Amino acid sequence: MAQIQVQRQQAAATGAAAPPPPQSMPTQNGMAGGVATGPIPLGSTSLYVGDLDLNVSEAQLADLFGQVGQLVSIRVCRDQTTRRSLGYAYINFTNGQEAARALELLNFTPLNNSPIRIMYSHRDPSLRKSGAGNIYIKNLDKAIDHKALHDTFSAFGNILSCKVATDASGQSKGYGFVQFDTEEAAKNAIDKLNGMLINDKQVYVGPFLRKQERDSSTSNTRFNNVFVKNLSESTADEDLKNVFGEYGSITSAVVMRDGDGKSRCFGFVNFENADDAAKAVEALNGKKFDDKEWFVAKAQKKSEREQELKGRFEQSMKEAVDKYQGLNLYIKNLDDTISDEMLKEMFSEFGTVTSCKVVRDPSGVSKGSGFVAFATPEEASRAINEMNGKMIVSKPLYVAHAQRKEERRARLQVQ
């Protein structure tokens, strides 16, 4: 297993003493082990076993865990359709002492060359989902594995779950997660280890935030870096400095160029003060230079841009659906011979058809469904009443108001 060395980061004035070395912690049954275990729920006999190789069977788990105590049941969780392993299992012992001993002795044991990860199975998922005591660690040395991370952080309290993120080949992605049983233990670990050197790499240790929380905090943060595009090819770094320099002190301004030195017509300007950056965006966005209308905004990460574009797309789709609410019909069970023209002709007797389309696959073959839009809701309702269930080329049509995916899902859940 990888060894970890925690050193004081001399450059960071954290004021915190280096944490004590990882140490054995007593379990409920009085035994001491090489790694700390999570809190033992009263009478808990059920263990969760994760990070399983997909070929690990119940028999292999029985051979391994049966050495520790008497087993009641073993279940490798599988896909309902393919029956392929989902990479985790549940194991039940006859008593809590044996379950505790198995967790203590077998956690991170290699099985099919893949170290397994064991923790108590909590029937109530509220603690896990709440994120309480959960911390995020990044800039980890690639040599640090689950056990090394567990050994380092177990010095601060009882660990419920510990994991280093890995890619498809099992290599560390350089970040991981640890969840303690208390917020106090998590805070203590953050205070002592954030900014420290672990295996000669300065790590960041902080509270874990869900994606929605990260997106929300990102959107409300102040910014110093400004993105500007639609520049003239003749615009140089110095021109950006002169224009943006009117709004505050600038640390850098650069026009992005390709390998041949040709301008890519966008660039970045970094301000010392966030208020100056905001003023520049407000004043220069949409302003013309060399007959080019500049787009000036906060510089964003790719994930932030994608989130923003996704939000705009969803909003535009919602507006389009709302606009045609009650006008658009969905038709399925269409015969393969029905064309757009035939579909329009079938529904035209009920009112003015504004659009009509049979859904087809990339090769042009009908999927047996389509959409028809009317000029008024009354016409659409009349078409549903008359056409739903009607036999067309030996098939009964299904006709209903078109719905967005979210609306269909909500309706099905209610049903």
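Student: Which residues of the largest nonpolar core touch the most other members?
Tutor: Keep in mind that this is a predicted model. The largest nonpolar core has 22 residues. Those that touch the most other members are Ile135, Ile137, Leu149, Phe153, Val178, Phe180 and Val205.

Student: Which element supplies the largest share of this core?
Tutor: At least two residues each come from β8 (134-138), α4 (146-153), β9 (159-166), β10 (172-180) and α5 (183-193). The largest share is five residues. Its source is α5.

Student: Which alanines does phenylalanine 180 touch, leaving out residues up to four places away in sequence?
Tutor: Phe180 has contacts including Ile135, Phe153, Ile159 and Leu160. Gly133, Phe156, Gly157 and Asn158 are also among them.

Student: How many residues are in the second core?
Tutor: This core is separate, and Val56, Val68, Leu103 and Leu111 are among its members. Its count is 21 residues.

Student: Now the four-stranded open sheet: which strands stand at its edges?
Tutor: The strand order is β15-β16-β14-β19, with antiparallel pairing. An edge strand has a single partner, so one side of it is left without a neighbour in the sheet. The edge strands are β15 (250-257) and β19 (295-298).

Student: Which residue of β19 stands opposite lysine 229?
Tutor: β14 (residues 225-229) pairs with β19 in the antiparallel sense over four bridges. Opposite Lys229 stands phenylalanine 295.

Student: At what angle does helix α8 run to β19?
Tutor: Helix α7 (residues 237-244) packs on the sheet, touching β14, β15, β16 (263-271) and β19. The direction of α7 makes about 140 degrees with that of β15. Helix α8 (residues 274-284) lies across β14, β16 and β19. Its angle to β19 is about 150 degrees.

Student: Why do the buried residues of α11 line one face of the helix?
Tutor: The buried residues of α11 (residues 377-387) are Glu379, Ala380, Ala383, Ile384 and Met387. Seen down the axis of α11, these line one face because they fall within an arc of 140 degrees.

Student: On the other side of α11, which residues are exposed?
Tutor: The cover over the buried residues of α11 includes β20 (328-332), α10 (340-347), β22 (366-374), β23 (391-392) and β25 (398-401). On the other side, the exposed residues are Glu378 and Asn385.

Student: What is the phi of the glycine that follows α11?
Tutor: The residue is glycine 389. Its phi is positive, near 90 degrees.

Note on methods
Residues are numbered from 1 along each chain as its sequence is written. This is a predicted model: local features need pLDDT of at least 70, side-chain atom pairs count only at pLDDT 80 or more; totals for chains, interfaces and linings use all residues. Side-chain values use heavy atoms; hydrogens and water are left out. Buried means under 20% relative accessible area, exposed over 50%, partly exposed in between (1.4 Å probe, protein chains only). The arc is that of the directions from the helix axis to the C-beta atoms. Contact means heavy atoms within 4.5 Å. A nonpolar core is a set of buried Ala, Val, Leu, Ile, Met, Phe, Trp, Tyr and Cys residues joined through side-chain atoms within 4.5 Å. Two strands pair if DSSP finds at least two bridges between them. Axes are lines fitted to C-alpha atoms, for helices over the stretch in contact, and angles run from 0 to 180 degrees between N-to-C directions.
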